[in-house]
2 protein chains.
Amino acid sequence: MPARPLTGAPVVSQLHDKIRSLLASLPSGTARPTLALLIPGDPSALAYARTIRKQFRSLELEVREFTLEDCLDIPSFVTLIKQLESDHSVTGILALQPLPSAIDRHTLSHTMPPTKDVDGVSFEQQGRLAVGRPHIAPSTPLGGLILLRHYGVDIAGKHAVVIGRSPVVGRPLALLLLAADATVTICHSRTTNLAALTRQADLVFAAVGHPGLVTPDMVKPGAVVVDFGVTVVEGRVVGDVHPAVADVAAALTPVPGGTGPVTTAVLACNLLRLAGLWTGDDV
Amino acid sequence: MPARPLTGAPVVSQLHDKIRSLLASLPSGTARPTLALLIPGDPSALAYARTIRKQFRSLELEVREFTLEDCLDIPSFVTLIKQLESDHSVTGILALQPLPSAIDRHTLSHTMPPTKDVDGVSFEQQGRLAVGRPHIAPSTPLGGLILLRHYGVDIAGKHAVVIGRSPVVGRPLALLLLAADATVTICHSRTTNLAALTRQADLVFAAVGHPGLVTPDMVKPGAVVVDFGVTVVEGRVVGDVHPAVADVAAALTPVPGGTGPVTTAVLACNLLRLAGLWTGDDV
């Protein structure tokens with residue numbers, strides 16, 4: 001029996017319903033939560049900016065856009081962030097990747113104010129994650145957990161194997177899974193026995209950007225497989241998981257249409273959390 | 001053949017030699033690096049304070065002591081930390097555990113200035129660890145890695161299993177091991193197949209405070225076992241690893257005399273790093 005497809009659309013729909021209902025409860029005349037969106041010139045950033053703009057506007061969330069020129073230097077970037085920090089009409093700030101070359105990740109993490117850090121890149125938000133008390137977590141890995149919860153997949157007590165240790169997906173994902181009481185193994189390019197480890201996993205998470213990396217022989221029958229891979233091959237977006245894994249796994253997120261759309265919806269949830277509208281631990 | 005005992009004393013001795021040589025290179029009349037040591041009334045904190053005082057003074061590092069009363073509230077704690085932050089004669093600040101009951105870990109992480117955070121408890125230092133770029137790491141887990149490096153134990157590419165996920169040892173240890181290119185599995189109270197996981201490990205790290213938790217059948221012959229356990233049983237300090245593990249493991253840190261003494265020496269190294277005297281990645 002082929003794996004159950006864990007599609008993102010119903011998850012997005014449920015998150016959007018909750019966002020609309022929270023916004024509807026605001027007194028009339030209240031300012032809408034507002035995202036400051038910092039957009040570098042890279043085509044992938046421009047494409048993601050279009051997705052965010054469209055989805056946020058459909059939710060009646062405000063998006064204010066700023067172009068990051070390739071030649072942007074650190075002082076100008078810091079000045080912009082400080083202006084947005086002190087601007088009371090701005091709820092959250094998102095700087096899309098890849099940033100202009102002068103702006104390294106350390107500068108971003110150091111400069112981003114934790115109280116407006118909609119994607120959990122600041123040292124404070126990362127530090128909360130590191131000690132097991134996440135507040136605003138990065139939207140991509142958090143979306144993966146929300147997707148699993150939506151489909152009733154248990155995480156506590158399960159053995160989760162994460163392939164990839166990027167600061168954007170793999171590392172925060174491992175910390176979120178740990179906070180959700182999974183036993184977590186983190187694998188990466190230096191791992192020598194990847195297949196032996198993934199074959200033990202109840203939950204496999206792939207986040208490396210290596211098409212077809214996870215093959216059927218690497219997956220335990222009945223495991224749940226979550227694919228964060230996004231690679232464009234001959235004009236098509238493909239994930240890290242080989243399609244034949246569907247013959248072995250109990251459930252599998254498709255690419256495209258799995259974790260990807262949930263990421264943008266979780267960004268909107270995070271914005272509402274920064275605005276104090278979304279409380280509790282359900283996202 | 002019984003396991004090689006990985007004792008802390010030679011590691012401490014080597015670290016102290018380096019500290020003395022760095023201090024000797026300071027121009028005469030230069031102020032010594034100074035630790036502000038915040039001491040709650042708990043007996044274990046008082047005992048650790050004595051160890052730090054003795055070891056730091058033998059290295060001619062300054063220790064300035066502050067008593068934390070049981071009734072200390074958050075505003076008074078924040079005021080004290082801010083005073084120490086702006087005091088140019090203070091190089092680093094260490095607040096010993098357990099803190100007075102009103103001071104939760106979140107307050108500590110939020111208040112501690114990263115530039116004077118000698119034990120890596122601030123959100124910024126934890127966040128650097130979370131994204132794989134540690135700067136000042138918590139002294140206990142960092143000491144474990146330094147001890148292994150001292151004895152020539154490879155970490156990169158090895159499978160490390162960490163038992164325990166406290167924010168003081170287990171979690172930062174897992175992140176340090178990941179930054180050192182190990183494949184890392186983090187186990188804890190919700191793990192269902194602990195022995196099956198530890199038996200696969202090249203390196204086993206125990207940090208739960210459960211005497212005798214790690215038994216010989218849980219260890220792969222030839223594995224290296226590092227014990228962070230500190231439990232007082234009938235007046236003796238015992239670790240998390242059963243003594244019979246010495247018949248199976250290739251190497252084992254003794255308790256007492258293994259990771260414990262290295263922790264205090266690493267605190268001194270961290271103080272020199274905050275003072276800008278210790279550079280590079282060797283600690």
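**Entry 1: strands across the two chains.** I looked up strand β6 (residues 183-187) of chain A and found three bridges joining it to β6(B), the two running antiparallel. Strands pair if DSSP finds at least two bridges between them; strands (E, at least two residues) and helices (H or I, at least four) are DSSP runs, numbered from the N terminus. I186(A) stands opposite V184(B) in β6(B).

I note that this is a predicted model, where local features need pLDDT of at least 70, side-chain atom pairs count only at pLDDT 80 or more, and totals for chains, interfaces and linings use all residues. Residues are numbered from 1 along each chain as its sequence is written, while chains are lettered from A and ligands numbered from 1 in the order in which they are written.

**Entry 2: the interface.** I found 29 residues of chain B in contact with 29 residues of chain A (C-beta atoms, placed from the backbone, within 7 Å). On the side of chain B that touches chain A, α5(B) gives the most, with seven residues. 100% of the interface residues of chain B are also interface residues in chain A, so the copies meet through the same surface.

**Entry 3: the symmetry.** How is chain B laid on chain A? A turn of 180 degrees and a shift of 0.0 Å along the axis does it, with an RMSD of 0.0 Å (least squares on C-alpha atoms of residues with pLDDT of at least 70 in both copies). The two copies are thus related as by a two-fold rotation axis.

**Entry 4: a helix contact.** Inside chain A, I saw P10(A), V11(A) and Q14(A) in α1(A) meet I146(A), L147(A) and H150(A) in α6(A).

Key: Two residues are in contact if their C-beta atoms, placed from the backbone, lie within 7 Å.
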